[in-house]
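Visitor: Could you take me through how to read a few features in this entry, giving the general idea before each case?

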Amino acid sequence: MNISHLEHIGIAVRNLEEAIRYYEEVLGLHCYRIEEVEDQKVKTAFFKVGETKIELLESTDPAGPVGKFIAKRGEGVHHVAFAVQDVPTALEEAKRKGVELLDAEPREGAEGLQIAFLHPESTHGVLTELCAIPQKSVSGV
Ligand code: CMX
């Protein structure tokens, strides 16, 4: 699948402002971006930790994926995201190896990344995201 690194860990929180305060004031990390992803029904906040990021997720709709997750399981780790060279190729490989895809094709996620999810029931309980920088951003075209 050609994973280069752990791109981010997604953490579901009830209140983004309060959670940001913890990450900044206790852990000493810096929130460099806040972004709403309407499609995913979340507001996100990002922190860099080396090459990996922490993505805090506050739901904007109780019927959205993070809203349902919080109602069922409370706050906590929601997903892990691996950086791959090319999301369609990685999805094809996962499907071929029997993994259930939540996205047959990549879509645009936070920070303009191409993202796609694998179902947690096929991945030992961890919602798994594959993501990549879109090719046009890489080449600068
Ligand atoms: N990690 C592990 N298991 C999860 C999960 C998660 N994040 N979310 C739900 N589940 C489990 C539930 O606990 C439940 O298990 P049980 O049946 O054993 O109780 C099962 O999956 C079904 O849960 P559900 O509440 O009925 O939810 P749905 O089936 O409707 O949806 C999922 C679950 C994973 C298919 C859906 O959340 C999804 O498509 N997620 C991908 C998109 C996403 O999460 N976007 C938000 C982040 C976006 C971003 O990073 O920008």
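Guide: Let us begin with pairing: two strands pair if DSSP finds at least two bridges between them, while the strands themselves (E, at least two residues) are DSSP runs numbered from the N terminus. This is a predicted model, in which local features need pLDDT of at least 70 and side-chain atom pairs count only at pLDDT 80 or more, whereas totals for chains, interfaces and linings use all residues. Residues are numbered from 1 along each chain as its sequence is written, and side-chain values use heavy atoms, with hydrogens and water left out.

Visitor: In which sense do strands β3 and β4 run, and how many bridges join them?

Guide: Strand β3 (residues 42-49) runs antiparallel to β4, and eight bridges join the two; within that pairing, Lys48 stands opposite Lys53 in β4. The hairpin that β3 and β4 form has two residues between the strands, and there Gly50 takes a positive phi near 65°.

Visitor: In which sense does strand β1 pair with β4?

Guide: Strand β1 (residues 3-13) pairs with β4 in the parallel sense, over six bridges, and Val13 is the residue standing opposite Glu58 in β4.

Visitor: How many residues of strand β4 are buried?

Guide: Buried means under 20% relative accessible area, exposed means over 50%, and partly exposed lies in between, with a 1.4 Å probe and protein chains only. Strand β4 (residues 52-59) is mostly covered, since six of its eight residues are buried.

Visitor: How many aromatic pairs does the structure hold?

Guide: Rings of Phe, Tyr and Trp (its six-membered ring) pair if their centres lie within 6.5 Å, and planes under 30 degrees apart count as stacked, over 60 as edge-to-face and the rest as tilted. The structure holds three such pairs. The ring centres of Tyr22 and Tyr23 are 5.1 Å apart and their planes stand at 85°, so this pair is edge-to-face. Tyr22 is partly exposed at 41% relative accessible area, whereas Tyr23, at 12%, counts as buried. Tyr32 and Phe46 form a tilted pair, 6.2 Å centre to centre with 40° between the planes, and this pair links distant parts of the chain, with Tyr32 in strand β2 (residues 31-37) and Phe46 in strand β3, 14 residues apart. Ring pairs also link Tyr22, Tyr23 and Phe47 into a cluster.

Visitor: Which charged end sits over the ring of Tyr32?

Guide: A charge sits over a ring if NZ of Lys or CZ of Arg is within 6 Å of the ring centre and within 35 degrees of the ring normal. Here the charged end of Lys48 sits over the ring of Tyr32, 4.3 Å from its centre.

Conventions
Helices (H or I, at least four residues) and strands (E, at least two) are DSSP runs, numbered from the N terminus.
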